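The sequence and structure come first.

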Amino acid sequence: DDSGRLEPYLKIVEQPESHYRARYACEGCRGPMKARSAESTSENVFPTVQIVNYIGSATVQVFLVTTAGEPHYHVLVPGSSRTSDCKPTFVDGTPALELTLNGEEMENMTAVLDNLSIRRLRRWEGDRKLKNRGVDPATFKKDRVQAALMFQATIFTQDGVRVFKCQSEPFSAPRRKDRRRSAGLVMIPGRRAAETRSG
């Protein structure tokens, strides 16, 4: 009888910092993205997610999206910190980073993503990428400096493979400090986790 079984779900424990300067490839890496809770302290806290009500093998993938949840044209790349051993991969054609969790080796199924960095594309590269996706670059102005992290967790149960998604709160990712305007951010509530099943 599974009527009393708690359903697994994915939750965000630490949100990404509210401002992270995306850099071009020629600029090198700024360093890993930190958590929003670390902005007022000197502590090293990083975006973190947890798979709740599940212990076992799982993968966690993270990729960059717009505030509307669509794939961003900038991409996540491994930063300078490699303790979490995130590896580049693709999610439905979108560049992502992936981390493997082993429930036998950890107690709380928590993924600390401490090597996330954003690679910014040049405008012409981004415009070409958008056009290839059928998106008018002129409609993408707001999303050039605002983004969010999409977390996706895959678990393996007796009922088959289950995939959970959860989107972070938005943050600004400007290319540099712009004295002419503010890269201000209007905060909106985080989206509820979504689930799809297969198997």
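How many of the eight residues of strand β10 are buried? The model is predicted, and in it the count for β10 (residues 160-167) is six, so this strand is largely enclosed by the rest of the structure.

The partner of β10 is β9 (residues 146-157), and the two strands pair in the antiparallel sense over eight bridges. Within this pairing, T154 stands opposite V163 of β10.

## The three-stranded sheet

An open sheet is formed by three strands in the order β1-β2-β7, with antiparallel pairing. The edge positions belong to β1 (9-14) and β7 (110-112); each has a single partner strand, so one side of each lacks a neighbour in the sheet. From one strand to the next, the twist averages 20°.

Strand β2 (residues 48-52) runs antiparallel to β7 and is joined to it by three bridges. In this pairing, T48 has V112 of β7 as its bridge partner.

## Cysteines

Is C86 buried or exposed? Its relative accessibility is 4%, and the cut-off for buried is under 20%, so C86 counts as buried. C166 has a relative accessible area of 8% and is therefore buried as well.

Across the whole structure, a search for disulfides finds zero.

Definitions and conventions: Residues are numbered from 1 along each chain as its sequence is written. This is a predicted model: local features need pLDDT of at least 70, side-chain atom pairs count only at pLDDT 80 or more; totals for chains, interfaces and linings use all residues. Side-chain values use heavy atoms; hydrogens and water are left out. Two strands pair if DSSP finds at least two bridges between them. Helices (H or I, at least four residues) and strands (E, at least two) are DSSP runs, numbered from the N terminus. Axes are lines fitted to C-alpha atoms, for helices over the stretch in contact, and angles run from 0 to 180 degrees between N-to-C directions. Buried means under 20% relative accessible area, exposed over 50%, partly exposed in between (1.4 Å probe, protein chains only). A disulfide is a pair of cysteine sulfur atoms within 2.5 Å.
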